[in-house]
Amino acid sequence: MGNRISHGVEGHRQGERRAPKVIVFACRWCALIGADGAGKKRVQLPLDFRVIPVECAARVEPDSIIRAFSYGIEGVGVLGCHLGGCRYHNANHRAIKRLDLLKKLLATVGIDSGRLLTSFGTGHEYHQFAGILKDFFQELRGLPPLDEWARAATIDAIKV
Amino acid sequence: MASKRKAICILCRCYGEISDVIDLDSLKDMLTDHPSVSSVEILDCLCLEAVEGLSEKIRQSGTGKALIAACSPIARGDSILRGLEQRGLNPADLELVDIREGCAWIHKDYSKGATGKAWDLINMGLASLVRREGSEDATTLVRHEVMVVGAGPAGLAAAASLGQLGIKVHLVERSKRPGGMLNLISRVAPDETSPGEKLAPYLKEVEENAGITYYPLARIASAEGTVGNFAIRLQVDGTEHMIHAGAVIIATGAQALLPQGLYRYKELEGVLSAIELERHLKAGPVKARRIVFIQCVAARDQARPYCAAICCPVSLKNAMGLRKGNPEAEVYILHRDIICPGSTLEQYYRRTMAEGIRFIRFEEQNPPVIEGTDHVQAVRVYDAATGIMRELDADMVVLSTPLSARRDTHGLARMLGLTRDHLGFFEVQPLMHPVETTVPGIFICGSARWPVLAGRAITQGEAAAMKAFCLVSGQEIAALGLSQFRGEKFAIARVDREACTGCGNCVHICPYEACTLEPVNGASKSRVDPMHCTGCGTCVAVCPNGSIQLPEQDAQVIGEMLMQSFS
Amino acid sequence: MASEPGPLNPVLLIGGGAAGITAALDLANAGRAVHLVEKGPTLGGQIARLDKLYPTDHCAFCLLWTEVRLCRQHPLIKLHTLSFLKDITRQDRYLNAMIIEGPHLIDESRCIFCGRCEEKCPVDAIKSVGEHAYPPSYVIDADVCNGCDECMKVCPTGAIDIHRQEQEIVIAAEQLIWATGFGDADISPLKEYGYGTHPDIMSSLEFEEWIAEAGANKGTILTRHNGSVPKSIAFIQCAGARDKRMFPYCSSVCCMHALKQAQWVKRRSPAVDCVVFYTDLRTEGRHYYEYYLREIRGTSLTLIRGRPGLIYPLPSGEGIALRYEDTLSQTREMRRFDMVVLNGALQTSLTRPGITGHVPTLDGEGFLDKAVGHYPACGFCKEPVDVEASVAQASSAALHTFLKRERNGK
């Protein structure tokens, strides 16, 4: 317990923290169109995010998200198509429900639900994708660093 | 299984667009030491390289596996991959990493950071490439036969078209005669042709074409199989027929709703449903002198929140029919909007106005009231456009009800795995694929899909026939090729039979009902129908132990990519 | 450059919008070769330029680009962009069609979208092919180009040649399908609508572009005359349509189009008062009425039945005046709006404006539907229809070309 608090205090000092590391699961349709659009418009974005394209946002397993946190990644975004717009017959509806539940579960092990970003149909234009990402970084910077206690919990939780 | 095969890395300078920001030379140095890399090449502009040369380079590198770091798939990346695949390279051996739109262009002032990010992205790509497997394709021989369910205008058009194209057609009809709803009507809206005339060319083809078999009085007892080979058991007048079809076209139509309990229907004489009026008009000139049509009966309301599209043109057509039989007749059409979109229908509307048919608008909250004791005598209506309460003498009132979804096709829907929307009409793919259902190989046309006039039903029947023709005219259907919006599906889910616990999560969640549980040595195991599976990966996300995977991107790949993401 | 009729006896498809793409893919998937002739620089037509599509609220590109990709990658489809049909002559069973192609001052197959040409161009003649296009490339407006060739100097791939000329291509085809779609019509002759008198009186397609998420304002609702936030927007239905002075027909798509635009305005700017002036609310397509109920009743749009009698700008910056009769309350009103969107004046678009190409015989209302001719038509050029019907007609037209073939004894 003592460990956890001290980490939190240290982390808050301005300028010492490096940028939060972010993984974005982007569906190959709406989400990637937004990301591609941002690239084509040469919108300058923070460096510390990596995009993993998936065929459909429904593909994203809770396990992968938890695993990401266990590796020290501080924010995970899942971007998909708007409700009614999924090419895979509303698979995104299930994904949204699943992710909302996961947010609640993450909170129980001390991972702020703000660390899991979901955007369904709000990121398909270049400025929307850029805005979502920048806002996400902003939000993550406002949170204390992901501490060891939470990470340990996640390592226990992932599938073998 | 992690592959020991190394990959060639091909990095694109993109004429400086990438190389001005990302230090490709240092990437090359680092990659050369990478355990999964056989060799590294930097090219000025990949998409302008002769694809032939590129594919040769990849083949000659030894393993045929290649990681290409260039622009985004939406730019040129995808066409580079397509070109390589067309030259015989295995798509499972190719990985595209976007370091232009995804890196150089969005971090142009941070060369060091961008180079580090590119290194991470390439590592992630290699992690994916190393484990990547191609999904096992499944092919099925295609029957050059199509079953058309329903011999109304849509079904007849579909059957006739396919027959003319040389495809064997099984035209299945529940009643004795073909024609569907057109058998019940006097004239076809809006061209006022007789139903016989409208259907004549299609009926002729069905009759004369030896390849089209017509089964009247048929019931579908069971339906099994999948695209390419549906096995359908028909009961026709006591005899059983087994039909094998490569595709199925649903043209079961809709049913006319009866205005039960509305506007004193069945209570007063002279208050008819629209279908009853058709019967009268077929018999000859109708004697009534003052006819009032009421539109939107049991439609566009709480219980049926839809516009059935056909009722306005049909009422116009019937109004004209009444006038033709009795030029003295006074006809009123009470409506909430006149739905005559387009050129032909709008012209027809103008014609009816010129003919002297009168239109009175009423509002949903203020419907007309029918007056009379044994027989209808008058209709009282608040004319919304003038604000006057009108009392119209009437000796006939016609209630225009919508077409509603047939209730007797539930069984058929279940057998074929079709879903229905909340109104009961069959679900279809949106916008660009209006005659396709969510089940591959099953198409839909006519009012079973959504209420339409005969002309449009015929067009949809022809559209469905065209789609079915494309499907069944080949020799084989490959499961991977059965994608509406991609050249090839991304993947087909694969089950590790040993690990599968038979929990059924995948069965429950699959949007295409591609997973089923089957008994294997006393246990239940999941089985994926490759024809239905679309590779979305929803099942993978709900599997408790990772026994169902997409070979192109399994869970371990994602795990590896996460590990490599920030070096 | 004449092309011989090969064994695949190609079909000429005039128009590369939703209908054209569908017909082309159907034909190609069934084994026929297709020459797809499109007047613009890219595929997708009018639909691709829309912000959202009803009733699913898909963004248009998202839905179309996969079909566009399939079209471009199909070995049996040959695409001719910036092209139009100049002339057709019949020769026995074949058509000899003269296509004028280009000039493609930028060779799209060599454009890597680096944008150096656009940066260098002193007269703004170079623009990206579209906010969303597959594949992305730049295009030079030959009319604006001043011939300075700065762009050619900076293009790293040699894609640009501003001296390239248009080409005449003769294609021997067996059949032809019209799928040329529609375009905006100029409604200024109908003076009461005030089109052209104020920057905030717009056609519906102009408004669509103006409020598009991918557009200049990134989806924010602003007035055009000074970029302020509007308080009220009027949508006028049947402006120019169902009107004997201009187009007697109903354009069929505008009711849903306006409802869609209005509900998106409300979603993004809930405080804006949106009023739709209609004559008949035509929401007959699949799930359209429910779209109306769900989105419109939910977002408190006002619907007024009446076609405004006069629309004119109020003196200096006070907005736009609208005089109308609310026919359902029989009252005559005058209201002030910040923006007015005119819906209805859509017409067949057969070729590039200003170009004399081959024009087929049209019926009295300007469509190919009831016109006498050999060639099937599909989509809006046949009759005013929405995307779903247009696409079904396209597949039907593809089928008819096959049937014609069968009848000719092939």
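This is a predicted model: local features need pLDDT of at least 70, side-chain atom pairs count only at pLDDT 80 or more; totals for chains, interfaces and linings use all residues.
Helices here are DSSP runs of at least four residues and strands are runs of at least two. By that count chain C has nine helices and 22 strands.

Along its principal axes, the C-alpha atoms of chain C fill a box of roughly 65 × 55 × 35 Å. Of the 410 residues in chain C, 55% are buried. If you take the contacts in chain C with a separation of 6 or more, 68% of them are between residues 24 or more positions apart.

Next, the domains of chain C. Eleven residues of domain 1 of chain C and 19 residues of domain 2 of chain C take part in the contact between them. On the domain 1 side, that is five nonpolar residues, six charged ones and no polar ones.

Some detail on strands in chain C. Strand E18 of chain C, residues 310-313, runs antiparallel to strand E19 of chain C, residues 320-326, and four bridges join them. C:Leu310 is the residue that stands opposite C:Arg323 in E19(C). This hairpin has six residues between its strands, and C:Gly317 there takes a positive phi near 70°.

E19(C) is also joined to strand E20 of chain C, residues 331-337, by seven bridges, again antiparallel. One of the pairs is C:Asp326 with its bridge partner C:Thr331 in E20(C). The hairpin of E19(C) and E20(C) has four residues between the strands, and in the turn C:Gln330 has a positive phi of about 55°.

Now chain B. Chain B has 14 helices and 28 strands. Where does chain B, with its 567 residues, stand against a compact globule? A compact globule of 567 residues would have a radius of gyration near 24 Å, whereas chain B has 31 Å. The box filled by the C-alpha atoms of chain B is roughly 95 × 60 × 45 Å along the principal axes. Buried residues come to 55% of the 567 in chain B. For contacts in chain B with a separation of 6 or more, residues 24 or more positions apart account for 70%.

Two sheets in chain B are worth looking at. One is an open sheet of five strands in chain B, ordered E14-E21-E15-E16-E17, with parallel pairing. At its edges are strand E14 (271-273) and strand E17 (358-361) of chain B, each of which pairs on one side only. Ignoring direction, neighbouring strands in this sheet are turned by 25° against each other on average.

At the E14 end, three bridges join E14(B) to strand E21 of chain B, residues 396-399. B:Leu272 is found opposite B:Val398 in E21(B). Across E14 and E21 of chain B lies helix H7 of chain B, residues 274-283, at about 95° to E14(B). Helix H8 of chain B, residues 311-325, also packs on the sheet and touches strand E15 (290-294) and strand E16 (330-335) of chain B. The direction of H8 makes about 170° with that of E16(B).

The other sheet is open too, with three strands of chain B in the order E18-E19-E20 and antiparallel pairing. Strand E18 (369-372) and strand E20 (388-393) of chain B are at the edges with a single partner strand each, so one side of each is left without a neighbour in the sheet. Neighbouring strands of this sheet are turned by 25° against each other on average, direction ignored. Six bridges join strand E19 of chain B, residues 376-383, to E20(B). Within that pair, B:Ala378 stands opposite B:Asp393 in E20(B).

Last, the contact between the two chains. How many residues does each chain bring to the contact? Chain B brings 53 residues and chain C brings 58. On the chain B side, the elements giving two or more residues are helix H3 (73-86), helix H5 (153-164), helix H9 (344-354) and helix H11 (454-472) of chain B. H11(B) gives the most, with ten residues. By class, the side of chain B that touches chain C has 30 nonpolar, 13 polar and ten charged residues.

Note on methods. Residues are numbered from 1 along each chain as its sequence is written. Chains are lettered from A and ligands numbered from 1 in the order in which they are written. Two strands pair if DSSP finds at least two bridges between them. Axes are lines fitted to C-alpha atoms, for helices over the stretch in contact, and angles run from 0 to 180 degrees between N-to-C directions. Two residues are in contact if their C-beta atoms, placed from the backbone, lie within 7 Å. Ala, Val, Leu, Ile, Met, Phe, Trp, Tyr, Cys and Pro count as nonpolar, Asp, Glu, Lys and Arg as charged, and the others, Gly among them, as polar. The radius of gyration is taken over C-alpha atoms; the globule rule is 2.2 Å times the number of residues to the power 0.38. A residue is buried if 20 or more other C-beta atoms lie within 10 Å of its own, exposed if 12 or fewer, and partly exposed in between; C-beta atoms are placed from the backbone.
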